[in-house]
Amino acid sequence: MNFRQLAFNNIKGNWRSYKAFIISSTLSIIVFFMYASFIYHPDVVGGSIAQKARVGEGMKALNYVVVGFSALFILYSNSMFLRARKKELGLLTLIGATKGQLSKMLIREQMMLGSMSIMIGIAFGMLFSTLFFKAVSFALGIETTLPFVLNGTAIGITAGVYIVLFFILSLVSLRIVWKFQIIDLLRDARKQRVEPFARTWLLFIGLACIIIAYVLCFQVKFTNFFLYFLPIVGLTIVGTYFLFTQGSVVLLKALQRRKSVFYKQPNMFVFSNLIYKMKDNARFLFVISIITAVVASAGGTLYVFFEDMSHKILSAHPQAVSYTVKNVETDKIEKDVQGLLEKHGFEDARLVTLELLPGKLKLENVDNKNDFTIDIISESAFNKEAKMQNQEGIDVKPGTATMIMEGTLQDFMQHFLKLDMTKPLEFIVQDQTYSVMLNDMRSTSVFNESELFVVSDEDYETYASIVSSTEKSMYYGYEMKDWKSTEALVAEMRERTVSENGGSFTSAASSYKDIKEMSSITMFIGFFVTVLFFFFACSMTYFKWFNDKEQDRLQFKSLKRIGMTEKEIRGIALRQMGVVFFLPILVGIVHSGFALYTLGSMLYIDLWKSGAMIVTAYLLASALYFLVAQRGYLKHVQG
């Protein structure tokens, strides 16, 4: 038997161990190949699709992420496989195999597995490419789906990248063969487990770090985010590390001392072995929990930003189309716009008009004075439109004012521009300075103009009397039900209004299109990153189980000798495996909950609903993976 045959037989004999590795590696290759097929598709390279540059860069970035994940996964998996085979390697060395021959055999095994994964991955990538192109075309709003093309460039790049990756990482993994002597390899399989030891005071430090980090989450605002970011992340990482390395052992030992708990069937058998598993895998579980928190937080944030975009666009654009002009004949423009509305079938659009006065707020920055430009409107004008939209109006007394601006800008003004709500605010109208007391700010507007200074009618008349008609601006907004169909109208209106006369122009349809294009590709890429991480993380935990398979076999045999049934033994094993599998996921989810709260309060959006959906989906997928994986593992161990 030569080493090629020996390598093949080793793969065949350890197929259950390698199965999850091949599946996860194949999945990453499928994703890499499909994205490479899109990037190097003739229609994309030729520039016949919109957003070519942005989409191409996004997918290239994803491929870098895929390769990075794959490298870490393959390196970790190889390490686990070699550690589980120390006894086998020691026996081969004992019968005369040199370290060079062992390295040659292991490299061949790795390249066989890699080649198998590459071939399967590319084959399935081709099979699903048409469906993938349809999904991308739908996400990007491309009317004609990209046709399937046998893309030699994508095949060559995918095969080349992963062959090099498998080869380099197999060389890196061989350090375990060259590092240990034969006696070390043989003794390692028989090495007795040392009683786990933990320091309770380190656990309390870890808990204190996590509690402090959670408390700091409630203090984060848009303006102080960078001040709190590193302390919160650092404390969470340190606390989680001590929680797994010290807390798991301390908690399990405490449960062992509680006789009413420990002697209850089957806790004695579960705790006795679980304490070793938790100590041995503490660093690994810590890493999985942190990455789970990052992925769940990022997924929830992405989802909420692009969930129900129509509602968000309507909130930001109460009028489907609006423009602001000055120093022109507004009657002529209004007449032209009315003609365009009739031309495109929107003659029933409701017109909203508003007079705007130019003003400047005198706000103090850290070391100088800043004039913040803002439009001044009257209380009655705002309340009139608020009533039409069934929204709450504003009560402004003479000598006071209410500022309307989004929440993050409010924080910016109060923190960086030193806006003091308790003191009179000075502002300038036509080089004359006035002062008012500020009421509570409002974050929602009833116009497309989101930064407004609302004053009483009496004060507005005073300010308007000193502003010439040429300096005043007129706002025209058109409320339409079918606002998504206004793209053609918007193009002509923009040209007829602001392009010729200056001013500003906003459109709900244009904003919706821009956000949809950006969000579609972002969500598309984010979805694949999340799925890849899920499979890699679950598979790494699966390999951790196999790293302990010999000890689990000995435990199962011992339990059988004392008369336990297969069902009872299976229940003990499932409890131990379940804790190792789900504990880091649950800890990561708790961390992500506070992260989502922090981001939500900072950006003035509700992330709980989207976060709960992402977390629930992740938990269900994890439970499904666990149900499938544990059957294969227990069958292997009990066999």
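Is Ala381 buried, exposed or partly exposed? Ala381 is partly exposed, with a relative accessible area of 24%; buried means under 20% relative accessible area, exposed over 50%, and partly exposed in between, for a 1.4 Å probe and protein chains only. This is a predicted model, in which local features need pLDDT of at least 70 and side-chain atom pairs count only at pLDDT 80 or more, while totals for chains, interfaces and linings use all residues. Residues are numbered from 1 along each chain as its sequence is written, and side-chain values use heavy atoms, with hydrogens and water left out.

**Overall content**

- The protein has 25 helices and 9 strands; these are DSSP runs numbered from the N terminus, helices being H or I of at least four residues and strands E of at least two.
- Of the 639 residues in the protein, 47% are buried.
- Among contacts between residues at least 6 apart in sequence, 82% join residues at least 24 apart, where contact means heavy atoms within 4.5 Å.

**Two residues in their surroundings**

- Ala381 lies in helix 17 (residues 379–388).
- With neighbours within four places in sequence left aside, Ala381 is in contact with Leu354 and Phe447.
- Ala381 and Val454 are 73 residues apart in sequence, and their C-alpha atoms are 9.1 Å apart in space.
- Val31 belongs to helix 2 (residues 15–39) and is buried, with a relative accessible area of 2%.
- Val31 is in contact with Leu62, Asn63, Val66, Phe528 and Leu532, leaving aside its neighbours within four places in sequence.
- Between the C-alpha atoms of Val31 and Phe124 there are 9.8 Å, and the two residues are 93 residues apart along the chain.

**Helix 13 and its partners**

- Helix 11 (residues 225–257) packs with helix 13 at an angle of about 170 degrees, the axes being 9 Å apart.
- That angle makes helix 11 roughly antiparallel to helix 13; angles under 35 degrees count as roughly parallel, over 145 as roughly antiparallel, 65 to 115 as roughly perpendicular and the rest as oblique.
- Axes here are lines fitted to C-alpha atoms, for helices over the stretch in contact, and angles run from 0 to 180 degrees between N-to-C directions.
- The residues of helix 11 that meet helix 13 include Val249 and Leu252, and those of helix 13 include Leu274 and Ile275.
- The contact of helix 11 with helix 13 has 7 nonpolar, 5 polar and 2 charged residues; Ala, Val, Leu, Ile, Met, Phe, Trp, Tyr, Cys and Pro count as nonpolar, Asp, Glu, Lys and Arg as charged, and the others, Gly among them, as polar.
- The axes of helix 13 (residues 267–280) and helix 23 (residues 549–561) come within 13 Å and cross at roughly 165 degrees, which makes helix 13 roughly antiparallel to helix 23.
- Phe269, Asn273 and Lys277 of helix 13 make the contact with Asp552, Gln555 and Leu559 of helix 23.
- By class, the residues of the contact of helix 13 with helix 23 are 2 nonpolar, 2 polar and 2 charged.

**Strands 5 and 6**

- Strand 5 (residues 425–429) is largely enclosed by the rest of the structure, because 4 of its 5 residues are buried.
- Strand 5 runs antiparallel to strand 6 (residues 432–438), and 5 bridges join them; two strands pair if DSSP finds at least two bridges between them.
- Glu426 stands opposite Ser435 in strand 6.
- The hairpin of strand 5 and strand 6 has 2 residues between the strands, and in this hairpin Gln430 takes a positive phi near 50 degrees.
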